[in-house]
Amino acid sequence: MNMEKYLRSVRRRLNMPKALKDRVMTDFRSSVEARLEDGQSIETILAELGSPKDAAAELNRQMQQYTYKKSPWRWVCLLLVTPTTRRWAKATPKAKHEPM
């Protein structure tokens, strides 16, 4: 896996607001680039960081106070909206197209 693909994969797994995600990824990228400048190979760096999932989990853990919390209310909202949408779809008359 190349470094850009790895960094994109880590970024996708971060669970935080975009502005914070940008800052965390800038710092993370700088850290990786510094290690490259010190002479470490990409393979060595990736092996030490682990999978993108593991690296993102560690970053999320470190930034835990800033990560999004999943609210239990999201299920209540989903349950309330779904039946309403179905009723609305059934009640809406279908448009009839007449041949010309």
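**Notebook: surface, helices and charge pairs**

I began with the surface: the accessible surface of the protein chain comes to about 8,300 Å², and 58% of that belongs to carbon and sulfur atoms. Accessible areas here come from the Shrake-Rupley method with a 1.4 Å probe, and for residues only the protein chains shown count as cover. A reminder to myself: this is a predicted model, where local features need pLDDT of at least 70 and side-chain atom pairs count only at pLDDT 80 or more, while totals for chains, interfaces and linings use all residues. Residues are numbered from 1 along each chain as its sequence is written, and side-chain values use heavy atoms, with hydrogens and water left out.

**Fold**

I found five helices and zero strands in the protein chain; helices (H or I, at least four residues) and strands (E, at least two) are DSSP runs numbered from the N terminus. Of the 100 residues, 23% count as buried (buried is under 20% relative accessible area, exposed over 50%, partly exposed in between, with a 1.4 Å probe and protein chains only). I also looked up contacts (heavy atoms within 4.5 Å): among those between residues at least 6 apart in sequence, 63% join residues at least 24 apart.

**Salt bridges**

How many salt bridges does the structure hold? I have five on my page, each being a side-chain nitrogen of Lys or Arg within 4 Å of a carboxyl oxygen of Asp or Glu.

Arg 11 and Asp 22 meet through their side chains at 2.5 Å, N to O. Arg 11 lies in helix H1 and Asp 22 in helix H2 (residues 18-37), so this pair ties together parts that are 11 residues apart in sequence. Arg 11 is partly exposed at 27% relative accessibility, and Asp 22 is partly exposed with a relative accessible area of 27%.

Next I noted Arg 35 and Glu 48, whose side chains form a salt bridge at 1.9 Å, N to O. Here helix H2 holds Arg 35 and helix H3 (residues 42-49) holds Glu 48, so the pair ties together parts 13 residues apart in sequence.

Glu 58 and Arg 61 make a salt bridge at 2.6 Å, N to O. They sit three residues apart in helix H4, separated by about one helical turn. I have Glu 58 down as partly exposed, at 32% relative accessibility. Salt bridges that share partners also join Arg 11, Lys 18 and Asp 22 into one network.

**Positive patch**

Lastly, I found a positive surface patch formed by Lys 5, Arg 8, Arg 12, Arg 13 and Lys 53. Patch residues have over 30% relative accessible area and no salt bridge, with like charges joined within 9 Å and nonpolar side chains (Val, Leu, Ile, Met, Phe, Trp, Tyr) within 5 Å. Helix H1 (residues 3-12) gives the largest share, three residues. Lys 53 belongs to helix H4 (residues 52-62) and is exposed, with a relative accessible area of 60%.

Methods: Lys, Arg positive; Asp, Glu negative; His and termini not counted. Charge placed at Lys NZ, Arg CZ, Asp CG, Glu CD.
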